[in-house]
Amino acid sequence: MMVLHGSHDSFSFYIDEASPVGPEQPETVQNFVSVFGTVAKKLMRKWLATQTMNFTSQLGAGIRYFDLRISTKPRDPDNELYFAHGLFSAKVKEGLEEINAFLADHPKEVVFLDFNHFYGMQKYHHEKLVQMLKDTYGNKMCPAIFAHEVSLQYLWEKEHQVLVFYHSPVALEVPFLWPGQMMPAPWANTTDPEKLIQFLQASITERRKKGSFFISQVVLTPKASTVVKGVASGLRETITERALPAMMQWVRTQKPGESGVNIITADFVELGDFISTVIKLNYALDEGRF
């Protein structure tokens with residue numbers, strides 16, 4: 001089993017400070033923004049933007065798994081779909097096309113698109129997103145099959161470059177959507193690097209169920225008190241950079257394979273040597289199987 005490198009909240013580079021607050025945010029956040037306006041949104045962006053590279057740059061750097069969260073925008077007459085994480089980001093259509101442009105130029109590259117959160121979406125919004133995927137990727141998308149049957153050789157032979165995971169019952173109705181349970185991503189929900197590593201190791205020990213992929217999220221999640229203390233600094237400086245050495249040491253000690261890591265995601269993927277370290281984990285493998 002190959003190890004892939006992925007980005008957490010992959011689209012967050014595009015977060016727009018001028019946008020409304022996302023519908024998933026609690027009332028306290030909504031009130032905070034209504035009182036402090038643009039200043040509040042600028043501070044929010046420091047904690048919500050987990051990536052500093054756009055899709056094209058991430059792909060060029062080696063990222064092949066994308067964590068995607070989709071939302072409608074309140075009172076939007078066009079019923080447009082956006083990436084969202086607290087604030088709204090780019091239009092989904094534009095992001096998908098950006099990824100497709102890279103795939104067109106690199107016909108042997110494969111990406112995993114994981115649509116794992118949906119906000120304010122009705123049945124027709126899902127239908128719109130499914131049609132958008134069809135229009136953008138067409139036969140590049142690999143129909144859902146058993147995970148252990150997926151290898152680079154198989155995908156190259158079929159000319160498939162995209163695996164779409166969809167955490168909604170809609171996936172059961174569309175052949176090219178892989179059910180969300182085939183891409184589990186246990187979440188440590190901690191600011192403590194030591195607790196994160198313990199959680200990651202326990203998850204690896206339990207291992208993914210046969211027939212599924214598996215994500216190790218090397219990601220720390222700020223508490224409200226953490227944000228208050230470092231409100232002007234942001235996620236990268238307050239948490240990620242300080243914890244990076246311990247998290248990278250854990251990544252370096254991992255092994256690919258049936259009982260090892262499969263997909264590793266992180267914030268600010270350009271920091272340290274995250275991508276090159278994950279690539280090196282594959283050197284011991286003889287075959288290109290995911």
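A cavity is taken here as a set of grid points where a 1.4 Å probe fits but cannot get out. In this predicted model, the count comes to one cavity of 30 Å³ or more. The space in the largest cavity amounts to about 80 Å³. Its lining is made up of V218, T240, L244, M247, M248, A266, D267, F268, V269, L271 and F274. By class, nine of these residues are nonpolar, one is polar and one is charged. Helix 8 (residues 235-252) supplies four residues, the largest share of the lining of this cavity.

The protein as a whole contains nine helices and nine strands. It has 290 residues, of which 55% count as buried. The accessible surface comes to about 13,500 Å², and carbon and sulfur atoms account for 54% of that area. When contacts between residues at least 6 apart in sequence are considered, 76% of them join residues at least 24 apart.

The second largest pocket holds about 260 Å³ of space. It is lined by 15 residues, and those closest to its centre are M2, L4, R64, E109 and L152. At least two lining residues come from strand 1 (4-7), and at least two from helix 5 (152-158). The lining divides into nine nonpolar, three polar and three charged residues.

R64, one of the residues closest to the centre of this pocket, is located in the loop between helix 2 (55-61) and strand 2 (65-72). The relative accessible area of R64 is 11%, so the residue falls under the 20% limit and is classed as buried. With neighbours within four places in sequence left aside, the contacts of R64 are H5, L59, F102, E109, V110, V111 and F112. One of these contacts, E109, is likewise among the residues closest to the centre of the second largest pocket.

Eight salt bridges are counted in the model. In one of them, the side chains of D67 and R69 meet with an N to O distance of 2.9 Å. Both D67 and R69 are buried. These two residues are also linked with D9 in a network of salt bridges.

A further salt bridge joins K93 and E97, with the closest N and O atoms 2.5 Å apart. Both residues belong to helix 3 (residues 92-105) and are four residues apart, so about one helical turn separates them. K93 has a relative accessible area of 42% and is therefore partly exposed. E97 is also partly exposed, with a value of 37%.

The side chains of E270 and R236 form another salt bridge, at 2.7 Å from N to O. This pair links distant parts of the chain, since E270 lies in the loop between strand 9 (263-266) and helix 9 (274-281), R236 lies in helix 8, and the two are 34 residues apart. The relative accessibility of E270 is 29%, so this residue counts as partly exposed. R236, at 26%, also counts as partly exposed.

Conventions
Residues are numbered from 1 along each chain as its sequence is written. This is a predicted model: local features need pLDDT of at least 70, side-chain atom pairs count only at pLDDT 80 or more; totals for chains, interfaces and linings use all residues. Side-chain values use heavy atoms; hydrogens and water are left out. Buried means under 20% relative accessible area, exposed over 50%, partly exposed in between (1.4 Å probe, protein chains only). Contact means heavy atoms within 4.5 Å. Accessible areas come from the Shrake-Rupley method with a 1.4 Å probe; for residues, only the protein chains shown count as cover. On a 1 Å grid over the protein atoms alone, a cavity is a set of points where a 1.4 Å probe fits but cannot get out, and a pocket is an open set with protein on both sides within 12 Å along at least five of seven lines; lining residues have an atom within 4 Å of a point. Grid points are joined across faces, edges and corners, and a volume is the space filled by probe spheres set on the points. Ala, Val, Leu, Ile, Met, Phe, Trp, Tyr, Cys and Pro count as nonpolar, Asp, Glu, Lys and Arg as charged, and the others, Gly among them, as polar. A salt bridge is a side-chain nitrogen of Lys or Arg within 4 Å of a carboxyl oxygen of Asp or Glu.
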